[in-house]
Amino acid sequence: MKISPSKLISLLFFIFSGYYLYTAYQIQVFAFDENAPFNAKTFPIYLGFAGLFFSALYIILPETNPTNVDLRVLDYKKTIGLVILMILYGLTILRAGYFLSTSIFLIASYIVLGERKWIWILTLSFPFVAIFMYLLHGLLNIYLRDPFLKYLGIMG
Amino acid sequence: MIEGILIGLQTALSFKNLMMVMIGCFAGTIIGMLPGLGPMTAIALMIPITYGFEPSTGLILMAGVYYGAVFGGSTSSILINAPGVPGTVATSFDGYPMAQQGKAGKALAIAAYSSFAGGTISAIFLLIAAPSLSLVSLSFRSPDYFGLMILGLTAVAAFSSKGNFLKAMMMVVLGLMLASVGQDTLSDIPRFTFNNMNLSDGISFVLVVMATFAMTEALTLIFKAKDPTKAAKDISLSQLGSIKLNKIETKKMIASIPRSSVLGFIIGVLPGAGATIASFLAYGMERNFVNDEEKQKFGKGSINGIAAPETANNAACSGSFVPLLTLGIPGSGTTAVMLGALLGFGIQPGPRLYQTNPEIFWSVIMSMYIGMVVLLILNLPLIPYIARVLATPRTFLIPLILFFSLTGVYLMSFNNFDIYMMIGIAVVATFLRLYDFPMPPLILAFVLGGLMEENLRRSLLISDGSWSFLWDRPLTVIIMLTIIGIVGWQIKKKFGKKSV
């Protein structure tokens, strides 16, 4: 039996709703609130049932507008490359600081997407981030922790 | 009242306050254009600056920032499909497709004219009807609000689902589920936090909107880059097109302005409803008003599809000041920030504000109109320059969208956990979008989740756990019947078609 991708997503959502509902029932409420008409787990329980209801309906009912996507033409390589870069950005931002990690993230992203105009790559990385940081830090007084710039003595 | 208006005009037209309106509108437009930095952030950033000002000057500046940021948000919705604020999500339904067709200039011009018209008409409404309109909002009770929110969600699901209501309803539920993460507002009991401190405050709106719109848009652009049928074209500046509207286009735009202004203003007056519901409802209403030929264009670059939400969200901005100024109840998250600022000035908004501080009450109302004029003068000539962002090659544009998204979220918490969560949500949302699971219902549900639970809580507690509150009051019954009508219409659509 062949199942369409949309129905497969609905099946996953059905399982997710079931888990959500189970977790909603596990929410600890105060003893005096246990039998109240409304407590902290009432709304999530309704939501869990609503999720089960709509996803079950989608799985059971015939599809009127099935979505067909040709998976062979999707560019997985670049997409996964960018997702990995974003994860690495998250890993480095607190250690290396905003300036260095953001500039390197931008340079790496341009390269992953196939850009080779180095003047623009370099302009739209370090100087661009520096100007943006000045706007945030210098003009709007939004403090950005940056160990790298602190080490260089540029930021306090 | 006349005396009050004159006092307001005198205050608003002083050189200092005029400058504040202009600076506010300009700063708001720039900040609002950046995905992730919406009016709430923009106004919050202004609060420390305004403490040195007189209360009326500070409020005028913040009102200018508010309008500017709403307009700036619609600009980024149209150009890069990255609404910085929920109130401009509906604008992206038709604004972005129009930009992709090479008519970005027209889309931006329609947004500018509609914003101006909506804001102006509602400012006049506000001037005339502020005192009596507060009575209308007083007649709405928790069951009505709860019903109104379900109506908003059902309507959004119905018209953004591309023919698949159930997919949209699943997204509504997912949005509400995401909103339920964090501490319960009343009891502070943690829910779905899995003992993770980073989740105890819930998931931020900016994170979800950036993940499901800006980041997903960027990832989809790369993902589909090889697809000859679906790849987005590289946009060049030549595709910006003219900002001039022809007679037919102007006629279409003008037709939608009055009804969307009235709807937007009324929705804006209701505390908690605000620009988001107004824009979505106006979009849905407009779709029902136009003929079948025009209806087919919705979601593909319809003029009415841009004019209606843009008119309504600006009208709702003015409307949201009614409960703030007359009742002391913020009509939206943004006016809640303004309420905080007012309290900081030592001013308690409420029915007595007329008598105790007439210059504040009326000058804010008058500066709204001046703000609208400034926005039109400032934004329309700048459209060709603003639209230059379209000329950026995709190899630069995509990383820059990701950069603004990541920075917007990082600035909210300075925490890399939020970055990981955003990447996770964006990856899931990219796959969902690939199979036509719509994101706007998810966003609206996420925004309304807390309010919906709060109103359901009050309704159930008042009725002692009985669901009879849904048919106890005529107003609630009307709202519920409208919801049943929308669901019935969707069922008819589903089973009226030939199944595969």
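**Entry 1. Chain B overall**

I began with chain B and found 22 helices and two strands in it. I note at the outset that this is a predicted model. I next looked up burial, and 60% of the 500 residues of chain B count as buried. I then turned to contacts between residues at least 6 apart in the sequence of chain B; 79% of these join residues at least 24 apart.

**Entry 2. Chain A overall**

For chain A I recorded seven helices and zero strands. Read from the N terminus, the order of elements is α-α-α-α-α-α-α. Buried residues form 27% of the 156 residues of chain A. Of the contacts in chain A with a separation of 6 or more, I found that 62% are between residues 24 or more positions apart.

I then looked up the dimensions of chain A. Its C-alpha atoms fill a box of roughly 60 × 55 × 25 Å along the principal axes. The radius of gyration is 25 Å, whereas a compact globule of 156 residues would have one near 15 Å.

I also consulted the domain division. Chain A is split into domain 1, residues 5-69, and domain 2, residues 75-152. I noted a distance of 39 Å between the C-alpha centres of domain 1 and domain 2 of chain A.

**Entry 3. Where the chains meet**

How many residues does each chain give to the contact? I found 57 residues from chain A and 54 residues from chain B. On the side of chain B that touches chain A, the elements giving two or more residues are helices H8 (165-179), H9 (205-223), H18 (394-413), H19 (416-434) and H20 (440-462) of chain B. The largest share of that side, nine residues, belongs to H18(B).

H18(B) is mostly covered, with 15 of its 20 residues buried. Just after H18(B), I noted that Phe414(B) takes a positive phi of about 50°.

I made the corresponding check on H8(B). As for cover, 15 of the 15 residues of H8(B) are buried.

As background to both helices, I recall that an α-helix has 3.6 residues a turn, so residues three or four places apart point the same way.

**Entry 4. The largest nonpolar core**

Which residues touch the most other members of the largest nonpolar core? In this core of 177 residues, they are Met62(B), Met170(B), Met210(B), Ala278(B), Val364(B) and Met422(B). The core also draws at least three residues from each of domain 1 (5-69) and domain 2 (75-152) of chain A.

I followed Met62(B) as one of these residues. Not counting residues up to four places away in sequence, Met62(B) touches Gly24(B), Ile43(B), Met46(B), Thr50(B), Met338(B) and Ala341(B).

**Entry 5. The loop between E2 and H9 of chain B**

Phe192(B) is placed in the loop between E2 and H9 of chain B, and its phi is near 55°, a positive value in a residue other than glycine. Asn195(B) is found in the loop between E2 and H9 of chain B as well. The phi of Asn195(B) is positive, about 60°, although this residue is not a glycine. Ser200(B) likewise lies in the loop between strand E2 (190-191) and H9 of chain B.

Is Asn195(B) buried or exposed? Asn195(B) counts as exposed, because it has 7 C-beta neighbours inside 10 Å and the limit for exposed is 12 or fewer. Phe192(B) has 19 such neighbours inside 10 Å and therefore counts as partly exposed; 20 or more would be needed for buried. Ser200(B) is also partly exposed, with 14 other C-beta atoms within 10 Å.

Finally, I looked up the surroundings of Ser200(B). Leaving aside neighbours within four places in sequence, Ser200(B) is in contact with Gly182(B), Gln183(B), Pro190(B) and Thr193(B). Ile189(B) is eleven residues from Ser200(B) in sequence, and their C-alpha atoms are 9.4 Å apart in space.

Notes:
Residues numbered from 1 in each chain as written. Chains lettered and ligands numbered in written order. Predicted model: local features only at pLDDT ≥ 70, side-chain atom pairs only at ≥ 80, totals over all residues. Contact = placed C-beta atoms within 7 Å. Helix = DSSP H or I, 4+ residues; strand = E, 2+ residues; numbered from the N terminus. Rg over C-alpha atoms; globule rule 2.2 N^0.38 Å. Domains from an automatic or database assignment. Core = buried A, V, L, I, M, F, W, Y, C linked by C-beta atoms within 7 Å.
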